[in-house]
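Open the model in your viewer and keep the sequence panel in view.

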Amino acid sequence: MEWNNLHELLRSLYDEMLPLSADMATVAKGIAGLGALFYVALKVWQALSRAEPIDVFPLLRPFAIGFCIMFFPTIVLGTINAVMSPVVKGTHAMLENQVLDLNQLQQQKDQLERQAMLRNPETAYLVSDEEFDKKLEELGWSPSDLATMSGMYLDRQAYKIEKAIKEWFRNLLEILFQASALVIDTIRTFFLIVLSILGPIAFAISVWDGFQSTLTQWLTRYISVYLWLPISDMFSSILAKIQSLILERDIEMLADPTYIPDTSNTVYIIFMLIGIVGYFTIPTVAGWVIQAGGAGNFMRNVNQTASKTGNIAGAGTGAVAGNIGGRLMNK
């Protein structure tokens with residue numbers, strides 16, 4: 001099974017598990033209804049106790065949340081997924097274009113490397129059977145020629161073994177690279193399924209006074225986890241672009257007939273290692289993209305600063321008034 005099919009399997013799993021959130025909405029309705037009863041009663045009682053008019057607009061919040069719970073898969077999840085889906089498709093298309101260019105450049109570089117080794121008489125027999133047989137025919141059957149033939153066989157076998165080891169190590173890094181992306185996508189799918197199924201409960205708890213931030217935190221975490229896949233595709237496309245630039249430079253150098261190619265692929269291996277490590281920084285980057293409570297925390301700090309300033313000013317005014325009153329009494 002190809003890697004793309006595994007990612008498609010995870011997307012199918014999410015789509016099949018999504019209707020389970022509707023079953024959880026039944027429990028959430030009771031929690032939200034009880035919370036709405038206490039919430040409305042508390043607000044009305046506070047207004048009556050202060051002899052103030054009842055503000056109806058804040059009382060609509062529990063009913064709006066209850067409406068979202070009743071149609072949670074369609075209104076909440078459907079809306080968020082519809083808004084975020086173009087981002088996922090756009091980044092995935094960008095990745096496919098970069099990978100396609102990378103594969104074409106890699107094939108072109110392999111052909112040029114083979115041609116460069118064929119141009120060099122000392123290395124032509126290593127990559128071409130015809131050149132190897134031709135060089136054997138040029139040799140005689142003297143003891144020195146037999147030693148040369150044995151050395152040629154050993155060199156050719158050592159070249160094949162070295163090439164096989166490098167190819168094996170390269171394939172291993174590519175498997176680890178793809179596995180890292182699959183791990184991120186699997187964890188992302190698991191988190192999204194859990195957040196989707198328990199989303200109605202989070203909405204219901206947010207109805208209760210004192211738990212309003214639960215709704216904002218749920219939305220933040222869902223969108224942040226949803227962005228893991230687009231960020232992963234962007235990271236992969238950046239690495240593919242870097243490798244494409246390196247291949248383009250190697251192709252330009254291979255155009256020189258005197259250039260001896262380097263088949264160690266050291267730079268490629270380094271970037272594969274960077275990619276494997278970099279994949280596990282994606283959750284941190286997604287947390288930078290979207291955060292909850294920024295304006296709320298700012299306003300809370302402003303209010304706290306204003307209250308402290310008011311207390312200090314009040315204390316200072318009281319002290320000044322006390323001093324003036326004391327002087328008047330002394331006079």
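**Whole chain**

Of the contacts in the chain with a separation of 6 or more, 81% are between residues 24 or more positions apart. Keep in mind that this is a predicted model.

Show the chain as a cartoon. It has 13 helices and 0 strands. Of the 331 residues in the chain, 32% are buried.

**Helices H2 and H3**

Select residues 20-49, which form helix H2, and residues 61-70, which form helix H3. How do the two helices run relative to each other, roughly parallel or roughly antiparallel? Their axes lie 10 Å apart and pack at an angle of about 175°. Angles over 145 degrees count as roughly antiparallel, so H2 is roughly antiparallel to H3.

Next, show side chains at the contact. On the H2 side, select Ala25, Ala28, Lys29, Ala32, Ala36, Tyr39 and Val40. On the H3 side, select Pro62, Phe63, Ile69 and Met70. Coloured by type, the residues of this contact come out as 10 nonpolar, no polar and 1 charged.

**Thr91**

Move on to helix H4, residues 72-119, and pick out Thr91 within it. Is Thr91 buried or exposed? Its relative accessible area is 8%, and a residue under 20% counts as buried, so Thr91 is buried.

Look for a polar atom of the Thr91 side chain: it lies 3.0 Å from the backbone oxygen of Val87. Finally, select Pro230, Asp233 and Met234; Thr91 touches these residues, leaving aside those up to four places away in sequence.

Terms used: Residues numbered from 1 in each chain as written. Predicted model: local features only at pLDDT ≥ 70, side-chain atom pairs only at ≥ 80, totals over all residues. Heavy atoms only, no water. Helix = DSSP H or I, 4+ residues; strand = E, 2+ residues; numbered from the N terminus. Buried < 20%, exposed > 50% of the residue type's maximum accessible area, 1.4 Å probe, protein only. Contact = heavy atoms within 4.5 Å. Polar contact = N/O pair within 3.5 Å; in protein donor to acceptor, adjacent residues only side chain to side chain. Axes fitted to C-alpha atoms, helices over the stretch in contact; angles between N-to-C directions. Parallel < 35°, antiparallel > 145°, perpendicular 65-115°, else oblique. Nonpolar A, V, L, I, M, F, W, Y, C, P; charged D, E, K, R; others polar.
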